[in-house]
Amino acid sequence: MSIKKIIVILLFGFMPFQSFAAIDPLVIQDIQTQLNEIKETLEELKDKLFEETYGVPRDVAFSDLPLTLQHVGICESSGKPHAVGRAKELGILQIHPQHFRTMQKMGLNPYDENDRLTFGLYLHKKNKLSDWE
């Protein structure tokens, strides 16, 4: 059986489980390693495409933000990642709900603090500090 056929079977399940007994365990281990490498490569490409599309890295930590944006986070929420404002703004940077749809279109989750930091950096690069005035 070819490796390509085994990969298709592993990915899509077109082979009864009992038939895997006939496949050498080392071949299965090799295929799993290759699939993990493919998955890592796809994640790296996804992150690179995100950065090329939006001009910011996919994963951003608070310490990665420019100091002016860090100061916004301290002023807006006292640096609390789970802060919720009066108008339902979320997180350290108090991302307003009007931005949630845009975040989702970008593949970001408005309820994930790291995604809110990424989006905050995106807004800052796009509009400077006007979204926090």
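User: Why does Ile38 count as partly exposed?

Analyst: Burial goes by relative accessible area: buried is under 20%, exposed is over 50%, and partly exposed is in between (1.4 Å probe, protein chains only). Ile38 has a relative accessible area of 44%, so Ile38 is partly exposed. Bear in mind that this is a predicted model, where local features need pLDDT of at least 70 and side-chain atom pairs count only at pLDDT 80 or more, while totals for chains, interfaces and linings use all residues. Residues are numbered from 1 along each chain as its sequence is written, and side-chain values use heavy atoms, with hydrogens and water left out.

User: Where does Ile38 sit?

Analyst: Helices are DSSP runs of H or I, at least four residues, numbered from the N terminus. Ile38 belongs to helix α2, residues 25–54. The chain has five helices and zero strands.

User: Which residues form a negative surface patch?

Analyst: Asp30, Glu37, Glu40 and Glu44 do. Glu44 is also in helix α2, and Glu44 counts as exposed because its relative accessible area is 54%.

User: And how much of the chain is buried?

Analyst: Of the 133 residues, 34% are buried.

User: What share of contacts joins residues at least 24 apart?

Analyst: A contact means heavy atoms within 4.5 Å. Taking contacts between residues at least 6 apart in sequence, 43% join residues at least 24 apart.

Notes:
Helix = DSSP H or I, 4+ residues; strand = E, 2+ residues; numbered from the N terminus. Patch = residues over 30% accessible without salt bridge, like charges linked within 9 Å, V, L, I, M, F, W, Y side chains within 5 Å. Areas by Shrake-Rupley, 256 points an atom, 1.4 Å probe, with all protein chains shown as cover. Salt bridge = Lys/Arg side-chain N within 4 Å of Asp/Glu carboxyl O. Lys, Arg positive; Asp, Glu negative; His and termini not counted. Charge placed at Lys NZ, Arg CZ, Asp CG, Glu CD.
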